[in-house]
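I opened this model to look up how its strands pair and what surrounds a ligand. My entries are below.

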Amino acid sequence: MKVLLIYPPFQVGKGMGKVMCSPPLSLLAIAGAVSDLDHEIEIFDMNVEYSYGIHEFKEKIRHYDLIGITCMTNTFKVVLTICKIAKKYDIPTILGGFHPTLVPSIIDKFDCIDMICRGEGEFTFRELLEGKPKNSILGFSYRENGLVIHNPDRPYIKDLNQLPYPNNKLVNPDPYHYIWVKAWVCEASRGCPFRCNFCCVTQFHNGIYRTKSPERVIQELFQVPPSTKLVFFTDDNFSLQKKRVMRICELLQKTKLSKRLMFVCQSRVDDIANNIDMVEAMSKAGFICFFLGFESFKQMSLDSMQKQYTLDKVRKCIDLCHKNGIMVFGSFIIGNIGETVEDTWRTFTLMKELELDMMMTNPITPFPGTPLYDEALKKGWIPEDFRWEKWEITPVMNTPDMNIDEIQDLLDESYRFFYNDIGYFLFGKKLLRILFNPKFWWYRHVAFSVLTNGLTKFLMKLE
Ligand code: B12
Ligand code: SF4
């Protein structure tokens, strides 16, 4: 059977896509689970192949026997279009990922979707390709004789070391980069034990946190393409288990991977601030940036999100990172419940006062399956005629203190305020830190890459 696995394009990802492009790990993972079967598997990443027009795309997909697509809520609209095209050629479609898992009823509503893989995909996809009877595949929804059948859930994979390795050879590594530094992704754990009310990771993994062994993580790192300079760990909380992180760092040094690769991970403020020795070990092992979901700098919001830390901890966390040559990339939500426009501006000011290196802001979004979604529906914060199949990542809900337009304005303002301030970047402590702290050695490599690759690409675009 010829199978085409599609990673759909991000709707508004063009700006973001210019400064970063991530390999499609979900598809590499499920492809890795079937590489020993007698099927031809191809991956088509539409964030890379955006030169394809609709005619070329139609011409391409008609030659396959099955189309598999990864689907987030923000790509659902374009995924439906792909499914409709596939239907024209009578090619069966299977969706997997966050959106179909959290809203499996989409298969009842849209008859261009033939099958859904709910939850982790490796074993479900394998059983489908092995030809196992559809009614015995767990975590699987399908259409048969005009009826939709939702099979029982598949139990969560207990031992992640049993997972097959992602098949990294199925895509050309050249286009993948983070700010023009050749990049790859690695998954060292799944799930998260916390229950933030806006986050769908809790629902997807049922609050269960599982890890790969440090040895397995190292083996996966040896399989990233040789051109890779930077690895992004996709884990939601990489540093949750200190002992394990310390062991990974020890192995990174022992195997000399820390000399060859730089690492970025997502973490929590308290884990960082409370564990000086872990941060030192991570710095020595090649970690250069922590991506931290601050969400807000208003104490009341932090308390209601049960973050369990104060702004002093935030300050301590950032200082500790900087002392150890680690950059802090903060992520924030605009429109937290109980926050006004003025509160949000206070957060913006604090971003600079606390000396964040990079930041991104997202509109508050009641993703399906989250407690926030139920609350927003009940309280009428989402417009009645709202449909996810029409959504393109713009703000979708009013809050008691802000309307959708104010949220959009604040999103735009946040980037202008933070990134358009040359003084902050050139004359703040930032530059001194980078120039004189030897722990920021890696910055020169990144700056070199950005200058050579970034400038070349920029000049080529000017033609
Ligand atoms: C890495 C990542 C990214 C990367 C994407 C890289 C890439 N090309 O894959 C980047 C940084 C670009 C990104 C961007 C965004 N992301 Co993101 N991202 C993640 C993250 C941290 C990891 C995803 C991952 O690779 N996991 C590892 C793989 C192996 O797991 P997986 O993707 O779940 O795939 C498994 C199953 O889902 C299933 N499966 C998946 N696809 C398919 C397909 C088939 C056919 C089958 C059978 C099975 C199957 O099998 C796989 C193996 O078990 C997740 C959080 C998380 N922990 O999952 C958020 C997450 C997916 N992102 C999310 C969001 C909201 C975004 C943004 C919209 C945020 C923003 N405003 O920037 C943007 C979208 C960009 C845009 N402009 O549109 C949300 C999605 C919510 C939702 N309901 O859809 C998540 C869950 C984060 C969160 N906590 O809310 N993201
Ligand atoms: S926001 Fe982060 S800490 Fe909170 S539930 Fe989601 S992944 Fe866990």
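The notes start with how to read the model and then go to strands, core and ligand.

Entry 1. The model is predicted, and local features need pLDDT of at least 70, side-chain atom pairs count only at pLDDT 80 or more, and totals for chains, interfaces and linings use all residues. Residues are numbered from 1 along each chain as its sequence is written, while chains are lettered from A and ligands numbered from 1 in the order in which they are written.

Entry 2. I looked up strand 14, residues 262-267; strands (E, at least two residues) are DSSP runs numbered from the N terminus. Five of its six residues are buried, so strand 14 is largely enclosed by the rest of the structure; buried means 20 or more other C-beta atoms within 10 Å of the residue's own, placed from the backbone.

Entry 3. I checked its partners, where pairing needs at least two DSSP bridges. Strand 13 (residues 230-233) pairs with strand 14 in the parallel sense over three bridges, with Phe232 opposite Val264. Strand 15 (residues 287-295) also pairs with strand 14 in the parallel sense, over five bridges, and there Val264 stands opposite Cys289.

Entry 4. I then looked up the largest nonpolar core, which has 73 residues; a core is a set of buried Ala, Val, Leu, Ile, Met, Phe, Trp, Tyr and Cys residues joined through C-beta atoms within 7 Å. Strand 15 gives the largest share of this core, six residues.

Entry 5. Around ligand 2 I found residues including Cys192, Cys196, Cys199, Asp236 and Gly293, taking C-beta atoms, placed from the backbone, within 6 Å.

How values were computed:
A residue is buried if 20 or more other C-beta atoms lie within 10 Å of its own, exposed if 12 or fewer, and partly exposed in between; C-beta atoms are placed from the backbone. Helices (H or I, at least four residues) and strands (E, at least two) are DSSP runs, numbered from the N terminus.
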